[in-house]
Amino acid sequence: MKRLMSLDILRGITVCGMILVNNAGGRYSYAPLRHSVWNGLTPCDLVFPFFLFMVGISTYISLRKFDFRPSGEVIKKIFRRMFLIILIGIGIGWFGHICGGDFLPIDSLRIPGVLQRIGLCYGVVSLLVIYVNHRYIPWIAVGVLVIYSVLLLTCNGYNCDDTNFIVIADRAVFGQAHLYTKSPIDPEGLVGSISAIAHTLIGFMCGKLLLENIPISKKLLYMMVAAVVMLLLGYAISGWMPINKRVWSTTYVLVTCGWASVLLAVLIYIIDVRQLNKGWTFFLVFGMNPLFLYVLSEVLAIVLSHSGMKSVIYSLLASLIPDEYLASLAYSVIYCMVMGLMGFVLWKKKIFIKI
């Protein structure tokens, strides 16, 4: 099967979205660019789960080359990539402390994070699929989500306070000083990664479908049917188990995977079936070097913030754009364009940095 350009485009859209929402210029952002305070779903809440869904697809494509056999080479590759992604995530946080003058933040360095969750989910799913017969993967994903749902419902999983079992468990593992400080719940904590692993498994199953030797029309039909089932189920039970990003609730997994499947199916039809593949370059360059550009954006954001350059640039924009919301958005868009320019240079030179 030839490479689907739509996969790179969707990956690029998600990375671009992650950079956009993480780099508001000022204190104000439009509601769609802000995460839900607790229960609920905003467009911003779709970005990270879409990327994790794509991690699952990429995992299938990557390990298929090795016929999913647990050889020494494959296991070494999995552990190397998993720990490298996790360490880069921790390193970004450490770099922020260094720029703030704290070179050894042993007592306050946050351990969980976005890249840490990506690395963990990639590693667990990769090891799982090379040791377990793939016919059991859907049942494992369902089982994990059912168990996690029971824990959320019976152990104060929807309480945004110290009684939540997620808070208790994460603090027991990491210690409070090494977790997110803006709320009791660490949105990328270890416990929430349980359902995120099931989330990645759903992406893995989508990758398996995409590489099946069947007509693409059937693939799109099956994807849309699966998407509708996940969306209907997720929204139907959301009154009982709210959609919640911070705890990565089961309904959050179902709804975001459903929307990711819909968007991917639409992109495959437009780009790979209808061959309407012009005008996607901006997102393509993000999709070809996704993790590198995300890491670069985080590092540059830290440098700009600690050097005071961010304030200078935003003040200039605010002087030209009186509306604080629009000025903040303008900063985010310009920042994404700068990252896109760097990605374009790498793409033109055919430099693809893989971790």
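Let me begin with the second largest pocket, where helix 2 gives the most to the lining, with eight residues; helices here are DSSP runs of H or I of at least four residues, numbered from the N terminus. Please keep in mind that this is a predicted model, in which local features need pLDDT of at least 70, side-chain atom pairs count only at pLDDT 80 or more, and totals for chains, interfaces and linings use all residues. Residues are numbered from 1 along each chain as its sequence is written, and side-chain values use heavy atoms, with hydrogens and water left out.

The second largest pocket holds about 950 Å³ of space, and of the 31 residues that line this pocket, the closest to its centre are Arg3, Arg11, Ser58, Ile61 and Lys354. A pocket, on a 1 Å grid over the protein atoms alone, is an open set of points where a 1.4 Å probe fits, with protein on both sides within 12 Å along at least five of seven lines, and a lining residue has an atom within 4 Å of a point. By class, the lining has 18 nonpolar, four polar and nine charged residues, where Asp, Glu, Lys and Arg count as charged, Ala, Val, Leu, Ile, Met, Phe, Trp, Tyr, Cys and Pro as nonpolar, and the others as polar.

Arg11 brings me to the salt bridges, meaning a side-chain nitrogen of Lys or Arg within 4 Å of a carboxyl oxygen of Asp or Glu, of which the count comes to eight. Arg11 forms one with Asp8, with the closest N and O atoms 2.8 Å apart; because the two are three residues apart in helix 1 (residues 5-22), about one helical turn separates them. Both Asp8 and Arg11 are buried, that is, under 20% relative accessible area with a 1.4 Å probe and protein chains only, whereas exposed means over 50% and partly exposed lies in between.

A second salt bridge joins Glu324 and Arg27 at 3.9 Å, N to O, and this pair links distant parts of the chain, 297 residues apart, with Glu324 in helix 13 (residues 324-348) and Arg27 in the loop between helix 1 and helix 2 (47-64). Glu324 counts as partly exposed because its relative accessibility is 36%, while Arg27, at 70%, is exposed.

Finally, Glu188 and Lys245 meet in a salt bridge of 3.8 Å, N to O, and both residues are buried. Together with Arg110 and Asp186, they are linked in a network of salt bridges.

Definitions and conventions: Grid points are joined across faces, edges and corners, and a volume is the space filled by probe spheres set on the points.
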